[in-house]
Amino acid sequence: MLPAASSEDDLSESGWSPADLGLVEEGSTRSEHPTSRRTEVSLGSVQGSITSRSTGSVGRRALSHSIRHHAAILQHKAVDKIDVDDPTEQKEASRVMPQPNLNQISDPLDEDEAVIGSDWNFFTPPTIPAEWSQQIIRNVPKLSRKWVILLTVFAFLLSISFAMIFGINKAGYKVADPSTVGLKETVGATIQSVGATISGISQTTLQLQTANIRLPEYIQTNLGDVGSGLIPFYVFIPETGGLTLQRLTRECLGLVEASNAGSQDLAGTSLTVQTLPGGGRYVNVDMNTDLGLDRAKNFQIASSGLVDIVYSPLFYPVVEKIFDSNRTGRMFTIFCHPVSRAIMVYQKNQAPGTTMEQYILSGQLENNYVTRVLVNKLQGQNLVKEDLDLALDTLRRKCVIGLSESLLESLERFRKSFGWPEYDTARVGCAEAADAQNTNQTIAVEGESLWNEILKQNDFDLQVFEYAKVLYNEQRQ
């Protein structure tokens, strides 16, 4: 085994003394200058501290070289005492006394203030003084609070500019009618997002696509998706433009319809085509009542080959009873702003001398009629958010959309979608039918109390209408 080296004997034989190197035995005390560098040294039983003042590069380098020389002497003296013929001592020597690489020892006090490399086993790197860390932190550049605020405001304004240029305004849709600003709590937050587009697809459409809403089985199988299906089925919503469409298909196209036109001709026991005085043709069934639908089902009108188009306000019953997976229907309809539609219904049904306010107070104002048709809740059941989602998704997946505010364009879109021929304006009544427009007397002003009172009863219908406008533009593309 290696004998312990005596620190003073070894130093005296090498021609150096502890005083020459500044070596102090462990446990002794010594005052230090505040700027002194202290490096801990450990070799066998020799432990001490080397201190020096920064008194010039020549002195520092001389002291550094003396430390190297002293370390080499101790190394060789220890090795000389090893019994080279004893394998055990050779192994122990290699473990206790690893060979230092003196070429890798950096000058601890050179001009770059480098410390002795930590890869040399005889020296432990000193701890960086706290004042050095504080000086480094003070030298790191800092952004003033004013610049941070300015950069934040700039980023916010830039994001708003991008939204206005590439978002809602570019698509041409509006988030919500200004007249409904005071009714946001009533009509819900959905209106606010309707019309916002992402890559040409509305935000509401994206939400519905990911919601995985399940349509009723017969709605899914008996109606074709948008762009498919065999027999056009117009879901009749009163006071939206349906009568104008019906006149066009009767008097300009000569289509045979299944509607309520046959309500006065129910005596026959077989399906027949009848002719109206004005020239339109129809089959002898009534599509506006449950009994009439049962009769039409028994006559199998969808597979009879006699019917070109179906008109009915009974959405679910018609899809369930008249169509099937082999003879599917193609749903289409026209939408109107719920306040405008409510006013037209009032004008048509009002008693003489009854004001709109009295009409509302009497309970005759419809409550979300369009939504109820689309979810089959016509008996006054409460509507919930899931009903609204179902109504919107039904339109998205199944319905070709028309708008009363763009009636002529909508009629032309229907003609092209269903492959109908050009309107024959030479036919009797066709020109008049093509020029017909819905009109209503203005009795409510947007934003005023009467307008808002109507909207309270039609909050879901307003959202359905806003989404129908989005779909109208999407289907145009």
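Is Arg341 buried or exposed? At 3% relative accessibility, Arg341 counts as buried, where buried denotes under 20% relative accessible area, exposed over 50%, and partly exposed the range in between (1.4 Å probe, protein chains only). The model is predicted, so that local features need pLDDT of at least 70 and side-chain atom pairs count only at pLDDT 80 or more, while totals for chains, interfaces and linings use all residues. Residues are numbered from 1 along each chain as its sequence is written, and side-chain values use heavy atoms, with hydrogens and water left out.

The side chain of Arg341 meets that of Glu366 in a salt bridge, with 2.4 Å from N to O; a salt bridge is defined as a side-chain nitrogen of Lys or Arg within 4 Å of a carboxyl oxygen of Asp or Glu. Arg341 belongs to helix H16 (residues 338-349) and Glu366 to the loop between helix H17 (356-361) and helix H18 (369-375), so the pair ties together parts that are 25 residues apart in sequence. Helices (H or I, at least four residues) and strands (E, at least two) are DSSP runs, numbered from the N terminus. Glu366 is partly exposed, its relative accessible area being 26%.

In total, the structure holds 15 salt bridges. One of them joins Lys321 and Asp294 at 2.9 Å, N to O. This pair links distant parts of the chain, 27 residues apart, with Lys321 in helix H15 (residues 315-321) and Asp294 in helix H13 (residues 290-299). Lys321 is partly exposed at 23% relative accessible area, and Asp294 is partly exposed at 32%. Arg214 forms a salt bridge with Glu217, the closest N and O atoms lying 3.7 Å apart; Arg214 counts as exposed, at 69% relative accessibility. A network of salt bridges links Asp393, Arg396 and Arg397.

Helix H22 (residues 449-456) contains the buried residues Leu450, Trp451, Asn452, Ile454 and Leu455. The elements covering these buried residues include H16, H17 and helix H23 (459-476).

Thr333 is located in strand S11 (residues 329-335) and counts as buried, at 1% relative accessibility. A polar atom of the Thr333 side chain lies 2.6 Å from the backbone oxygen of Val235. With neighbours within four places in sequence left aside, Thr333 is in contact (heavy atoms within 4.5 Å) with Tyr234, Val235, Ile237, Cys399, Val400, Ile401, Gly402 and Phe414.

How values were computed. A polar contact is a pair of N or O atoms within 3.5 Å; within protein, one must be able to donate a hydrogen and the other to accept it, and residues adjacent in sequence count only if both atoms are side-chain atoms.
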